[in-house]
Amino acid sequence: MNRTTLTGLIGLLFLAACATPAPIRTGPDGQPLPQVYQITPARSDEVKFNMLDGVNVLRREQGLAPVEFDAALIAAAATHSRDMSVQNRPWHFGSDGSSPLDRVARVGYQGQLLGENISETYETELETLAAWMNKPDTKGVILDPAARRMGFSWHQENTGKIWWTLILGT
């Protein structure tokens, strides 16, 4: 791992540490019980901006321009997150056979789609971002020099499972 990536990941961990920790519950054996990362409506904006800030910290470390939210890309990301949950599988195609290109066209996005990152997890947004940075293909989407616009959303099931979608465009 190079120094710049390490610095970016440390920045992400710093942002994650700023979140208010949930109290630790223990089971009868004294061991911590698994906790569900619950995204309440009141925390929705916090989660969105944690991801935007995290992406931009990583981009800045590489000397890249920051990205800004785009309403159309957010709509496409939200639709796909819900659809992955319905299909119960993380993949880039919608239940109707739609591709990421189809989804951004449907919402009227005028720029060029650069890439889409997806995840099925119980982890936080910053843990998910860190996981994406550990894979060359998803890292390449986040650090695409042409990226200027970002869509990010999720769907959380009652079980706590979260379906994340991040879309970057020009």
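Predicted model: local features only at pLDDT ≥ 70, side-chain atom pairs only at ≥ 80, totals over all residues.

Q: Great. Where does R103 sit?
A: R103 lies in helix α4, which covers residues 100-106.

Q: Is R103 buried or exposed?
A: R103 counts as buried because its relative accessible area is 5%, and the cut-off for buried is under 20%.

Q: What does the side chain of R103 make a polar contact with?
A: With the side chain of H80, at 3.4 Å. Beyond four places in sequence, R103 is also in contact with A76, H92, F93, G94, S98 and E116.

Q: Switching topic: how many residues are in the largest nonpolar core?
A: There are 25. Those with the most contacts inside this core are M51, L129, I142, M150, F152 and W164.

Q: And which elements each supply at least two residues of that core?
A: Helices α2, α5 and α6, along with strands β3 and β4. The largest share, five residues, is from α2.

Q: What does F152 touch?
A: Leaving out residues up to four places away in sequence, F152 touches V47, K48, M51, F69, I74, A77, E125, W164, T165 and L166.

Q: Which residues does the second core include?
A: That separate core has eight residues, among them L73, A76, A77 and I167.

Q: Last one: where is A78 found, and how far is its C-alpha atom from that of S153?
A: A78 is in helix α3, residues 71-87. The C-alpha atoms of A78 and S153 are separated by 4.9 Å, with the two residues 75 apart along the chain.

Key:
Residues numbered from 1 in each chain as written. Heavy atoms only, no water. Helix = DSSP H or I, 4+ residues; strand = E, 2+ residues; numbered from the N terminus. Buried < 20%, exposed > 50% of the residue type's maximum accessible area, 1.4 Å probe, protein only. Polar contact = N/O pair within 3.5 Å; in protein donor to acceptor, adjacent residues only side chain to side chain. Contact = heavy atoms within 4.5 Å. Core = buried A, V, L, I, M, F, W, Y, C linked by side-chain atoms within 4.5 Å.
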